[in-house]
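Open the model in your viewer and get your selection tool ready. We will go from one stop to the next, with a word on what to look for at each.

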Amino acid sequence: MLGFYFHLKKTTKRVLYGSLLFMIALTLTTSRAPTTLEEVQNRGELRIVTLMGSATYYQNAKGQGGFEYWLAKAFARDLGVTLKVTTRDSVGGVLVAVGGPLGDFAAAGLTVTPERKERFRFSYPYYQVTQKLIYRNGTRKPRTVDDLTGGQLLVIPKSSHSERLKELKEDHPELKWQEMPGLEMLDLMSLVDSGETDYAVVDSNAYQLDRGIYPRARAAFDISEPQPIAWVFPDHGDHTLLQAANNFLQAFEASGELAKLKKRVLSQSNQFTQGGSQLFMARVNTRLPKYLRMFKDVAAKHQLDWQLLAAIAYQESHWEAKATSPTGVRGLMMLTLPTAKEVGIEDRLDPLQSIEGGAQYFMETKDRIPPDITEPDRTWFALAAYNVGLGHLEDARVLTDRAGKNPDLWNDVREYLPLLQQQKYHSTVKHGYARGHEPVAYVKNIRHYQSVLGLHTLEEQRRIEQEKRPEIPNASDWHGGSMLSL
């Protein structure tokens, strides 16, 4: 009996001991720190840090945009969270913020370099760029690195460009350059275009996007092989978020969506071309007739020129009733959802509703233009605000006034809108960075489309009048070299 008692006591201790170990293990399991990916999912927000720029991130009247923004937003959507964007003024500022409270990672068009790989981890690369040496058209075009001797060469501090120049200097000891803080690639193109510096280095995608703004800044040669662009993650902590990003990027590429995004964003141009003119005329005959009566009726209701309204719609959607942009704007007039609600439009894909909403929003925008601005400038300002927003337009007027030009004249203000892409200017005004060259091209294109539509209308009227005239008598009606008198 005593033996049985000791056996029972021993068994009970084992059970209690086992239960205790199980409880400790359960406690440790349930109280472990969440992974980086779990932290993002638990807070319901993915945080990125980036740079303002045409190929990275910007804001205008249509909302937020930029290649890096749209790509990161697709990743956030894949994770089931929202996206929060924080911008920094320099590459160095972006990299410092990686892994901190402002940014789970950097999405800023950053090149994978050996020096950066020592401090950070990189995602699966989603495109490649080359580093281009640019010079001013009209000056001697450099052919090799040695041709740069004696000229002023500028690059962005702590950039992949400065790293590459350090490598080149080993074989070209005479190579010298300056790293100027506060500059962006668009600033460098501006300085080369104006002749304030001889040379600069920019990425090929930035050159492709912005060369139309500074046409005298020309590419001389590449100073690097194609280099991968990737998201930058901190080297500390676990890498669950990095792995999730890699899985997303590879799937996004395999699906063809990455190629579509590149085509839509990295090769876009708002400049009117001869090919674009031919395409426009073709669509005047094939697409416009479906909506012509709508444009005329809505324009008459709002006391608008129907050709102007149709030109706006073409610039926005190419007269595609179901057009949709990456920012979520839709329809013939490419209305945002908040704008559609503001003007009482329920279905943005309905052509008549879209035209009505666009006309109403344009007229409301025009009413908000300062009263001192008169026609036709008032219309051009309203078009620019329709594209870039009233705040950015007002910033450009401030810059125009500072320069001693007339802020009430479109011809003056359009010269200063593109400056909102340069940090030394947009940092001094209220609403910050804007892709200021876009509203300039936007207004130019619409004016061109409106003019062509006007000429086309006159030609149609002339043709109709000719058809109504009596036919000229044929040869059998002629006698003795003169027409019969009636």
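Start by selecting strand β8, residues 131–136, together with strand β11, residues 199–203: in this predicted model the two pair in the antiparallel sense over five bridges. Pick out L133 and you will find V201 of β11 opposite.

Is β8 enclosed or open to the outside? Five of its six residues are buried, so β8 is largely enclosed by the rest of the structure.

To centre your view, select L51, T56, A108, M185 and A206, the closest to its centre among the 32 lining residues. Then colour β5, β7, α6, α7 and α8, the elements that each give two or more residues to this lining. By type, the lining comprises 16 nonpolar, eleven polar and five charged residues.

Move on to the second largest cavity, with a volume of about 50 Å³. Its lining includes A61, K62, M334 and Y386, and divides into five nonpolar residues, two polar and one charged.

For the last stop, select Q307 in helix α13, residues 306–317. Q307 is buried, at a relative accessible area of 13%. Beyond its neighbours within four places in sequence, show Q450, L453, G454 and T457, with which Q307 is in contact.

Technical notes:
Residues are numbered from 1 along each chain as its sequence is written. This is a predicted model: local features need pLDDT of at least 70, side-chain atom pairs count only at pLDDT 80 or more; totals for chains, interfaces and linings use all residues. Side-chain values use heavy atoms; hydrogens and water are left out. Helices (H or I, at least four residues) and strands (E, at least two) are DSSP runs, numbered from the N terminus. Buried means under 20% relative accessible area, exposed over 50%, partly exposed in between (1.4 Å probe, protein chains only). Contact means heavy atoms within 4.5 Å. Two strands pair if DSSP finds at least two bridges between them. On a 1 Å grid over the protein atoms alone, a cavity is a set of points where a 1.4 Å probe fits but cannot get out, and a pocket is an open set with protein on both sides within 12 Å along at least five of seven lines; lining residues have an atom within 4 Å of a point. Ala, Val, Leu, Ile, Met, Phe, Trp, Tyr, Cys and Pro count as nonpolar, Asp, Glu, Lys and Arg as charged, and the others, Gly among them, as polar. Grid points are joined across faces, edges and corners, and a volume is the space filled by probe spheres set on the points.
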